[in-house]
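The sequence and structure are shown first.

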Amino acid sequence: DGSIKARLLMWKATWEIVEQNNILIGTGLGTYKNYYATYRDPRETMSSGNLAHNDYLQALQEGGLIQLGFLLVLAIVTPVLLLRMRRHSQTASSSDTTDDSRGLLLGVLAISIHAVVNFIHYVAPIAVLTGLYLGRSWETIKPQGQLRLLPLGREHIKPGYLKGLAIVLLAVPVSTLAVDGIIFQLFDTKDPWIARFTPSQRFVIINAALAIRAGNPKPRAFLIQDLIEKGSKTNNLEDRARFIGEAENEAKALMRTAPALASGRYFLGIIRVMRGAPEELRLAQEDFEHAIKLVPESTAIRLSQILLYQRLGMEQEALHSILEAKKWFTHESDHRSLAAFAKEASLIAARQGDHGEAEFWQGVRGR
């Protein structure tokens, strides 16, 4: 079955991301789609790569053991413990109440089992219902006024102290995950909050994000893009060289912190093209070709690649890259980049006399 094969390949790629990054805190909330493109198995052509179709594996990849543990406690351990409490409770006097709590808790467990093969807990309404089911079950069961601290001990701890202890223990991991979510939203490529701040404010926010979460590639990628844009717009040669030099340093830092991502090599290739020396252009060609192998569906990288091929007089290589893009372009989520690539691809194909290919990409651009 195609969907089963696709899931197995996705899980294999996700596990490789886990193995090559920090298993305790993961790569950062919301970064799955940034990493998956690099690790995608060429045989996997069904998924968009936004979700792993296994909530527990994706939780481990994005938030490490902290997020996975948090999810397991809420989604599996808590409903099982509440079911045991319901079974042994001596305060339940109504069969209706018993059936109510058991039904809710079994519903939570059903959702959690389904999450092994899908992205159930990543659907907000289902997550809200899960929380409501757990809350209502806890209310229905009405645990005793005191809870035993240790299963075999005689000492007890009052619920108030237990609640305070739980809050303290959860504060650090929850804060870590919350900060990850904020960073991801700040630098989200579709509508980044960071773009609404002034340049000086952006500078402070980017550096703070890099200090807090160096493993999250989005802040550094945004900084590199900003430096490249400044370097391309300034007419002062000294300032241009300074911006490009800083962008190069940050691109190399991105390659060190996230070596499996294509963005570091891609940015380095752009920087070398901006310098324009023949040796720099040859190195840029290698950078783009390496980045394309990592993320074959990226039309932004392919556009830079085919433009460089034309600059080097490599028209046949440019056409070959365009033909290769047909295998992957349906996975491209950045429609602006896709439209720009399609426009250039149509022009190159027309110049090469491949009118069928030119019409195809013209149609893609129109859509």
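## Aromatic pairs

The count of aromatic pairs comes to eight, where rings of Phe, Tyr and Trp (its six-membered ring) pair if their centres lie within 6.5 Å, and planes under 30 degrees apart count as stacked, over 60 as edge-to-face and the rest as tilted. The rings of F329 and F360 form an edge-to-face pair, because their centres are 5.8 Å apart and their planes stand at 85°. This pair links distant parts of the chain: F329 belongs to the loop between α13 (315–325) and α14, F360 belongs to helix α15 (residues 355–366), and 31 residues separate them. F360 also pairs edge-to-face with W361, at 5.1 Å centre to centre and 85° between the planes. Ring pairs join F329, F341, F360 and W361 into a cluster.

The model is predicted; local features need pLDDT of at least 70, side-chain atom pairs count only at pLDDT 80 or more, and totals for chains, interfaces and linings use all residues. Residues are numbered from 1 along each chain as its sequence is written, and side-chain values use heavy atoms, with hydrogens and water left out.

Helices (H or I, at least four residues) and strands (E, at least two) are DSSP runs, numbered from the N terminus. Buried means under 20% relative accessible area, exposed over 50%, and partly exposed in between (1.4 Å probe, protein chains only). The table gives the values for selected residues.

| Residue | Relative accessible area | Class |
|---|---|---|
| F329 | 14% | buried |
| F360 | 29% | partly exposed |
| W361 | 0% | buried |
| S346 | 8% | buried |
| I292 | 10% | buried |

## Helices and their contacts

S346 lies in helix α14 (residues 335–351). Apart from neighbours within four places in sequence, S346 is in contact (heavy atoms within 4.5 Å) with A358, W361 and Q362.

I292 is part of helix α11 (residues 278–294). Residues up to four places away in sequence aside, I292 touches S298, I301, R302 and Q305. From I292 to K12 the C-alpha separation is 21 Å in space and 280 residues in sequence.

Two packed helices are described by the angle between their axes and the distance between the axes. For α11 and helix α12 (residues 299–311), the angle is about 145° and the axes are 10 Å apart; axes are lines fitted to C-alpha atoms, for helices over the stretch in contact, and angles run from 0 to 180 degrees between N-to-C directions. On the α11 side the contact includes L281, F288 and I292, and on the α12 side it includes I301, L308 and Y309. The residues of this contact divide into eight nonpolar, three polar and three charged; Ala, Val, Leu, Ile, Met, Phe, Trp, Tyr, Cys and Pro count as nonpolar, Asp, Glu, Lys and Arg as charged, and the others, Gly among them, as polar.

Helix α2 (residues 32–39) is mostly covered, with six of its eight residues buried. These buried residues are Y32, Y35, Y36, A37, T38 and Y39, and they pack against α1 (2–19), α3 (55–88), α8 (217–233) and α11.

## Overall dimensions

The protein has 15 helices and two strands. Its C-alpha atoms fill a box of roughly 85 × 50 × 35 Å, taken along the principal axes. Of its 367 residues, 43% count as buried. Among contacts between residues at least 6 apart in sequence, 61% join residues at least 24 apart.
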